[in-house]
Amino acid sequence: MSIEINGVGKQFGDFVALDDVSLHIPTGQLTALLGPSGGGKSTLLRIIAGLEHADRGRVQIEGLDATHLPAQKRNVGFVFQHYAAFKHLTVYRNVAFGLEIRKVPKQQMRTRVNELLELVHLSQFADRLPSQLSGGQRQRMALARALAVEPNVLLLDEPFGALDAKVRKELRDWLRRLHDEVHVTTVFVTHDQEEALEVADEIVIINEGRIEQIGTPDQLYDEPANDFVMRFIGPVTELGGRLVRPHDLELVVTDPGDGHYGTVRRVVRVGYEVRVEIQAGAETVLVTASRSQFQDLGIAEGSPVWVRPQRGAMSVASSQKIPVAAG
């Protein structure tokens with residue numbers, strides 16, 4: 001089911017949460033709303049769900065004007081960050097809850113719940129209480145419960161935010177595979193750039209109530225619309241007054257004629273990569289290299305070096321917008 005947002009605005013007192021937001025989400029797409037805290041992404045999600053109402057503008061779900069439609073009539077599945085599980089009900093009953101409310105025949109309900117438990121790999125935990133599950137298992141249960149009623153749209157509000165890094169990584173891989181199986185139109189809120197880049201078909205960057213850019217993960221990373229998007233999507237450093245990715249810079253130990261001279265201030269190894277901090281005049285420049293690349297240079301803290309962009313490196317002038325095709 002496609003979603004159409006036209007000119008939506010929302011204020012809370014004097015605070016402008018959303019300012020003339022327009023957005024089209026195609027049927028079957030997995031879309032991430034990404035941005036800093038307080039940027040308006042969760043407010044937009046709640047307006048799509050019907051949990052908040054826009055002060056102005058219109059929301060359409062598959063051509064139906066849902067602007068003033070109550071949440072229970074939108075056929076939208078919603079998953080919160082903190083599971084919102086019914087603690088006294090088993091996993092099976094939690095997943096079946098929406099079907100029971102809709103008075104679905106028992107055999108049909110049993111078939112649907114069992115299919116979903118198998119889909120989210122919780123069949124063996126059907127008789128357990130939520131308190132007997134891990135955080136990742138509880139979140140998979142919450143997703144199964146949301147999918148049970150066969151929603152037109154699935155909305156996820158920072159679904160993995162309360163989990164540790166390893167479990168988050170496992171669940172976002174799982175969410176991508178799940179989406180490819182069920183193909184329900186999905187919108188999820190996150191402030192985790194890596195999560196959005198890894199999972200989403202399309203990313204909407206929201207900041208201070210406005211959309212900064214819409215595009216595929218590759219478009220946003222390789223063709224940022226402005227310095228805010230570039231700074232927000234992936235690491236950046238500044239060289240010669242321009243923003244550039246640290247991995248797009250190279251270090252050389254003899255003057256190449258087109259580099260910036262500097263001194264190695266700090267070297268930090270993080271797993272497979274080495275982060276080298278260079279003092280180049282008034283700028284502190286961060287360069288990332290592989291361990292073998294760094295070892296070949298034979299440099300250490302205090303060494304003189306030259307730093308320059310690699311061939312084809314993308315850069316953005318700070319505070320200067322550049323044209324880019326929106327997705």
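User: How many residues of domain 1 are in contact with domain 2?
Analyst: On the domain 1 side, 6 residues are in contact with 5 residues of domain 2. Keep in mind that this is a predicted model.

User: Where do those two domains run in the chain?
Analyst: Domain 1 takes in 1-75 + 190-234. Domain 2 covers 237-308. Both ranges come from the domain assignment.

User: What distance separates their centres?
Analyst: The centres of domain 1 and domain 2 are 37 Å apart, taken over C-alpha atoms.

User: And how much area do they bury between them?
Analyst: About 500 Å². Carbon and sulfur atoms hold 53% of that.

User: Which residues in domain 1 lose the most area?
Analyst: Tyr221, Met230 and Arg231 do. Together they make up 85% of what the domain 1 side buries.

User: Why give an area at all for an interface?
Analyst: Because the size of an interface is often given as the accessible area lost when the parts come together.

User: OK, charges next. How many salt bridges are there between the domains?
Analyst: The count between domain 1 and domain 2 is 0.

User: Which element gives the largest share of the domain 1 side?
Analyst: Helix H8, residues 227-232. H8 supplies 3 residues of the side that touches domain 2.

User: What kinds of residues make up that side?
Analyst: The domain 1 side has 3 nonpolar residues, 1 polar and 2 charged.

User: Is asparagine 226 buried or exposed?
Analyst: Buried. The relative accessible area of asparagine 226 is 3%, so it falls under the 20% cut-off.

User: What lies 2.9 Å from a polar atom of its side chain?
Analyst: The backbone nitrogen of valine 229 lies at that distance from the asparagine 226 side chain.

User: Zoom out now. How many helices and strands does the chain have?
Analyst: The chain has 9 helices and 18 strands.

User: What does the C-alpha trace span?
Analyst: About 75 × 45 × 35 Å along its principal axes.

User: What percentage of the chain is buried?
Analyst: Of 327 residues, 47% count as buried.

User: Last one. What share of the contacts joins residues 24 or more positions apart?
Analyst: Among contacts in the chain with a separation of 6 or more, that share is 64%.

How values were computed: Residues numbered from 1 in each chain as written. Predicted model: local features only at pLDDT ≥ 70, side-chain atom pairs only at ≥ 80, totals over all residues. Heavy atoms only, no water. Domains from an automatic or database assignment. Contact = heavy atoms within 4.5 Å. Buried area = accessible area lost by both parts, 1.4 Å probe. Salt bridge = Lys/Arg side-chain N within 4 Å of Asp/Glu carboxyl O. Helix = DSSP H or I, 4+ residues; strand = E, 2+ residues; numbered from the N terminus. Nonpolar A, V, L, I, M, F, W, Y, C, P; charged D, E, K, R; others polar. Buried < 20%, exposed > 50% of the residue type's maximum accessible area, 1.4 Å probe, protein only. Polar contact = N/O pair within 3.5 Å; in protein donor to acceptor, adjacent residues only side chain to side chain.
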